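User: I am new to reading protein models. Could you walk me through the features here, one at a time?

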Amino acid sequence: MILQDFIALSPILDLGAFCLVTMLAIAFRRNHARIAVCALLSCLFTLATLPWAATAAPRAVTTLLVVDGHALLYMGLILSATMVIIALSYRYLNHQFHEQDGVEEYYLLLLLATFGGLVLTTASHFVSFFLGFELLGLSLCSLIGYLRTRRNPLEAAVKYLLLSITASAFLLFGLALLYFESGAMTFHEVGVSVKQWQTVPALWVGGLILVLVGIALKLGLAPFHMWIPDVYQEHRLPSRHTSRQSPRQRSWHCSSALPLRSGYWNCHPLCTCSVFWLLSRWSQGMYWRSCNRM
């Protein structure tokens, strides 16, 4: 890696370093206000590095990550949303917990979820795509059940964990089938393989279906969206906005950036899936009228 690679990855590297600093601050001295300010400044400083990273974009850092305009846009959205959630969370946690209860890990989990979202936005390889998904999903699972003295948040966390595990199983098996047929795991190389084939192998189509099912389960896309009201309605913390908005940002990112990084907009399955993802999100918002179900 050269200097331009580090500049392009500066938002991810900075947020990762801030996560370590926050963890050490919690370990040495607990203070709710200090940790909340530290988490807020972490997102603010990371957001400030986006213009610097843009000077090196677009840039492929190894085969795992690509920093381009799409990635920087969604990084800014995720970081901005996280700062708002941190500001909303401080007063709520003060009201729900006593100082001796220890609520500082909440902000660390929120930063880790944000870190997973940043990795996901720059993913150009199925491995980095899966790692970003899982880091974000596991952090959200802990955030959903953070009100550990109440029954409903714990029930919601268990539901989310079971569904996330099921989705990961579908996703991994589908990725294995795609790799078996195409011999590649980068979005671009998989796209090139599909264009070279005269007839798409049935095993590859099966793998694609499993991958789409796994992604749809994680994002809550129709027709795999019936679990969303049960989980969101029982999630009372301000971080519920992360669990709501992250899937929406991920669905917009997947529907716009993945076809571009695969190197072909004229691939009918991928374009069809992009349109389907956007329409499913729109239909869910129209169907669920109450705030908790939106």
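User: Which residue forms a salt bridge with E105, and how far apart are the closest N and O atoms?

Analyst: A salt bridge pairs a side-chain nitrogen of Lys or Arg with a carboxyl oxygen of Asp or Glu, within 4 Å. In this predicted model, E105 pairs with R30. Their closest N and O atoms are 2.3 Å apart. The pair links distant parts of the chain. E105 sits in helix α6, while R30 lies in the loop between α2 and α3. They are 75 residues apart.

User: Is E105 buried or partly exposed?

Analyst: Look at the relative accessible area. Buried means under 20%, exposed means over 50%, and partly exposed is in between. E105 has 26%, so it counts as partly exposed. R30 is at 44%, so it is partly exposed as well.

User: Which salt bridge does E104 form?

Analyst: E104 forms one with R30. The closest N and O atoms are 2.8 Å apart. This pair also links distant parts of the chain: E104 is in the loop between α5 (69–96) and α6 (105–122), 74 residues from R30. E104 has a relative accessible area of 1%, so it is buried.

User: How many salt bridges does the structure hold?

Analyst: Five. One of them joins the side chains of E134 and K218, at 2.7 Å from N to O. E134 belongs to helix α7 (residues 126–144), and K218 to helix α10 (residues 202–219). The two are 84 residues apart. Both E134 and K218 are buried.

User: What makes up the nonpolar surface patch?

Analyst: V37, L41, L44 and F45 form a patch of about 340 Å². V37 lies in helix α3 (residues 32–48). Its relative accessibility is 46%, so V37 counts as partly exposed.

User: Where does T46 lie, and is T46 buried or exposed?

Analyst: T46 lies in helix α3. Its relative accessible area is 0%, so T46 is buried. Now check its contacts. Leaving aside neighbours within four places in sequence, T46 touches P11, D14, L15, F18, L79 and L118.

User: How many disulfides does the structure hold?

Analyst: A disulfide is a covalent bond between the sulfur atoms of two cysteines. The structure holds zero. To see why, check the sulfur distances against the cut-off of 2.5 Å. For C38, the closest cysteine sulfur is in C19, 9.7 Å away, too far for a bond. For C43, the closest one is also in C19, at 8.4 Å, again too far. C43 has 0% relative accessibility, so it counts as buried.

User: What does the secondary structure of the protein come to?

Analyst: Count helices and strands. There are 13 helices and two strands.

User: What share of the contacts join residues at least 24 apart in sequence?

Analyst: Start with contacts between residues at least 6 apart in sequence. Of these, 76% join residues at least 24 apart. Last, the surface. The protein exposes about 13800 Å², and carbon and sulfur atoms supply 69% of that area.

Definitions and conventions. Residues numbered from 1 in each chain as written. Predicted model: local features only at pLDDT ≥ 70, side-chain atom pairs only at ≥ 80, totals over all residues. Heavy atoms only, no water. Patch = residues over 30% accessible without salt bridge, like charges linked within 9 Å, V, L, I, M, F, W, Y side chains within 5 Å. Areas by Shrake-Rupley, 256 points an atom, 1.4 Å probe, with all protein chains shown as cover. Helix = DSSP H or I, 4+ residues; strand = E, 2+ residues; numbered from the N terminus. Buried < 20%, exposed > 50% of the residue type's maximum accessible area, 1.4 Å probe, protein only. Contact = heavy atoms within 4.5 Å.
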